[in-house]
Amino acid sequence: MSDETSDFPPKTRASSSAKSQRIEEYASAFSEFPVLETRVLSVLRSLPAEVFADFAADSTFAMRLEDYQPGKGSKMFMPLPSSGCEVSRCVVLRKKLDRAPEDFALYIIAHELAHAFLRNGGWGEITDKEEAADALALSWGYPKAKLRWF
Ligand SMILES: [Zn+2]
C-alpha cells in the first residue's frame with residue numbers, strides 16, 4: 001500500500017489525511033517548542049509508509065517532551081522518571097533539540113524513532129541496538145550527525 005504524501009491520487013486521500021492527523025497529534029507533544037515540533041513533523045512525514053503504519057497501529061507508541069527538571073512540576077500525574085512515559089514504546093525528546101543544529105536534531109529524532117520501531121532491539125544482522133538505530137535512521141535519510149551540544 002502506497003501512502004506517499006507527495007502523491008495524492010483520490011483513492012488514498014482519506015488514509016493520507018488520517019496519517020497527517022496522526023502525525024500532527026504525535027508532534028503536538030512538542031508544541032511549546034515550535035522548531036522542535038517542525039523537526040518532528042518533518043521526520044515523521046518522511047518515514048517509510050510501513051514504519052509509520054506500525055507506529056499508528058500501536059496504542060503503546062507515543063512521543064513525549066523530556067520533562068524531568070526538578071522544581072518545574074510535572075504536567076502529568078505519573079511519578080515515574082523519564083517524563084510521563086506510561087506506555088511501552090515511547091520516544092522522549094529533549095527540549096534542547098529545539099535549538100540544536102538541524103542535521104543533529106533530525107538525526108536524533110530519527111534515531112529515537114528507529115529504536116521505537118525496532119523495539120529497542122537489533123536490525124537484521126546488527127545486534128547492537130545503537131548501531132541498529134543508526135543504520136535504520138540512515139536508511140530513512142538521516143545520517144549520524146556529530147554530537148554538538150554547542
Ligand atoms: Zn540510541
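W140 sits in the segment after α5; helices here are DSSP runs of H or I with at least four residues, strands are runs of E with at least two, and both are numbered from the N terminus. Before going further, note that this is a predicted model: local features need pLDDT of at least 70, side-chain atom pairs count only at pLDDT 80 or more, and totals for chains, interfaces and linings use all residues. Numbering starts from 1 along each chain as its sequence is written.

**Around the tryptophan**

Is W140 buried, exposed or partly exposed? It has 18 other C-beta atoms within 10 Å, so it counts as partly exposed. The cut-offs are 20 or more such atoms for buried, 12 or fewer for exposed, and partly exposed in between, with C-beta atoms placed from the backbone. Leaving aside neighbours within four places in sequence, W140 is in contact with S46, L47, P48 and A110; a contact means that the two C-beta atoms, again placed from the backbone, lie within 7 Å.

F52 lies in helix α3. This one is buried, because 20 other C-beta atoms lie within 10 Å. Not counting residues up to four places away in sequence, F52 touches K19, L44 and L47.

| Pair | Places apart along the chain | C-alpha separation |
|---|---|---|
| W140 and Y107 | 33 residues | 9.9 Å |
| F52 and R22 | 30 residues | 9.7 Å |

**How α2 meets α4**

Two packed helices are described by the angle between their axes and the distance between the axes. The axes of α2 and α4 come within 10 Å and cross at roughly 55°. Axes are lines fitted to C-alpha atoms, for helices over the stretch in contact, and angles run from 0 to 180 degrees between N-to-C directions. That makes α2 and α4 oblique to each other, since under 35 degrees counts as roughly parallel, over 145 as roughly antiparallel, 65 to 115 as roughly perpendicular and the rest as oblique. The crossing is right-handed, meaning that the near helix is turned clockwise from the far one by less than a right angle.

Which residues of α2 and α4 meet? From α2 come R39, V40 and V43, and from α4 come A105, L106, I109, A110 and L113. Their make-up is seven nonpolar, no polar and one charged. For that tally, Ala, Val, Leu, Ile, Met, Phe, Trp, Tyr, Cys and Pro are nonpolar, Asp, Glu, Lys and Arg are charged, and the others, Gly among them, are polar.

**The core and the whole chain**

The largest nonpolar core has 34 residues, and those with the most contacts inside it are V40, L44, L93, I109, A110 and L113. Such a core is a set of buried Ala, Val, Leu, Ile, Met, Phe, Trp, Tyr and Cys residues joined through C-beta atoms within 7 Å. α4 gives the largest share, ten residues. L113 touches V43 and V91, not counting residues up to four places away in sequence.

Zooming out, the protein has five helices and two strands, running α-α-α-β-β-α-α from the N terminus. Of its 150 residues, 27% are buried.
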